[in-house]
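Please look over the structure below.

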Amino acid sequence: MSHELATLVLAAFGGVLVVGSLVFFLRPRWLWQWLKGMVVFAVLALGLYSLAIAVTLLEYESLEGMDTVATVSTYRQGDQLWQVALQLPDEPPRYEMVRGDQWQLDARMMRFAGPIRWLGVAPGYRLERLSGRYTSLEQERTAPRSVIALHGNRWLDLWALDREYNLPFVEGVYGNATFMPMRDGASYDVRLSSSGLVAVPLNEAAREAVQHWNDG
């Protein structure tokens, strides 16, 4: 936008505000009714937003320090085909068939600011999906993929809305994922802190798989 056009737009906008303000002050009843309407609208919007945050909190687990969020165990079923046992805290294990050479677990995090943070609300997390990865770039592009959603879609998704519109008092954190090689009988502890996910080998099979992977 040129300076001339910007000047015209700003002058017109400022003129409308000045004329509107004078009209309201010359007719105080209109001003009072307008102010009451704006206050009611602001309170209603704040109440609805608070309810939306409360509903969102129900879907997220509280994150305090370095928490163990899952245990992942892998069992070979065939060539690049694995049964993966996903054990979440206080829940029965969930078994899924995963193709590939590595498993990957993705999570999303929600941080809070302003009055919500003052209330002492800890950041929240939600495990999103379990998937398989191939070490071969060619297979990664062309081979069948395994992607298992761990949560269904919600009609109200503050995390996604914040990513698009930068909502106040909440921060949707993107890109939290960890992956490890699969080996028959290997088990991993998946931990999450405010900096993201990390997987730690729990048994000898997992440690050998990681060592072989690192050696390349």
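Ala205, Ala206, Ala209 and Val210 are the buried residues to look for in helix H6. Looking down the axis of H6, you find its buried residues within an arc of 135 degrees, so they line one face of the helix. The other side of H6 holds exposed residues: His212, Asn214 and Asp215. Keep in mind that this is a predicted model.

How far does H6 reach from its first C-alpha to its last? The span is 16 Å, over 12 residues. That is close to the 16 Å expected at 1.5 Å a residue.

## The sheet

Now turn to the strands. Five of them make an open sheet, in the order E4-E3-E2-E9-E10. Their pairing is antiparallel. Which strands are at the edges? They are E4 (94-99) and E10 (196-201), and each of these pairs on one side only. From one strand to the next, the twist averages 30 degrees.

Strand E2 covers residues 67-78, and strand E9 covers residues 186-193. The two run antiparallel, joined by seven bridges. Across this pair, Ser73 stands opposite Ser187 in E9. Helix H6 (residues 204-215) packs on the sheet, where it touches E9 and E10. The direction of H6 makes about 80 degrees with that of E9.

## Two loop residues with positive phi

Asp90 has a phi near 65 degrees, a positive value in a residue other than glycine. Where is Asp90? Find it in the loop between strand E3 (81-87) and E4. Is Asp90 buried or exposed? Its relative accessible area is 84%, so Asp90 is exposed.

Asn166 is not a glycine either, yet its phi is positive, at about 55 degrees. Asn166 sits in the loop between helix H5 (158-165) and strand E8 (170-181). With 63% relative accessibility, Asn166 counts as exposed, because the cut-off for exposed is over 50%.

## Salt bridges

How many salt bridges are there? The count comes to 10. One of them joins Arg94 and Glu96, whose closest N and O atoms are 2.8 Å apart. Arg94 is partly exposed, at 33% relative accessible area.

Another joins the side chains of Arg191 and Asp189, at 2.8 Å from N to O. Asp189 is buried, with a relative accessible area of 8%.

## A buried charged pair

Arg108 and Glu128 also meet through their side chains in a salt bridge, at 3.5 Å from N to O. Arg108 belongs to strand E5 (residues 102-112) and Glu128 to strand E6 (residues 124-133), so the pair ties together parts that are 20 residues apart in sequence.

Are these two residues buried or exposed? Buried means under 20% relative accessible area. Arg108 has 9%, so it is buried. Glu128 has 14%, so it is buried as well. Arg126 joins the picture too: Arg108, Arg126 and Glu128 are linked in a network of salt bridges.

Technical notes
Residues are numbered from 1 along each chain as its sequence is written. This is a predicted model: local features need pLDDT of at least 70, side-chain atom pairs count only at pLDDT 80 or more; totals for chains, interfaces and linings use all residues. Side-chain values use heavy atoms; hydrogens and water are left out. Two strands pair if DSSP finds at least two bridges between them. Helices (H or I, at least four residues) and strands (E, at least two) are DSSP runs, numbered from the N terminus. Axes are lines fitted to C-alpha atoms, for helices over the stretch in contact, and angles run from 0 to 180 degrees between N-to-C directions. Contact means heavy atoms within 4.5 Å. The expected span of a helix is 1.5 Å times one less than its number of residues. Buried means under 20% relative accessible area, exposed over 50%, partly exposed in between (1.4 Å probe, protein chains only). The arc is that of the directions from the helix axis to the C-beta atoms. A salt bridge is a side-chain nitrogen of Lys or Arg within 4 Å of a carboxyl oxygen of Asp or Glu.
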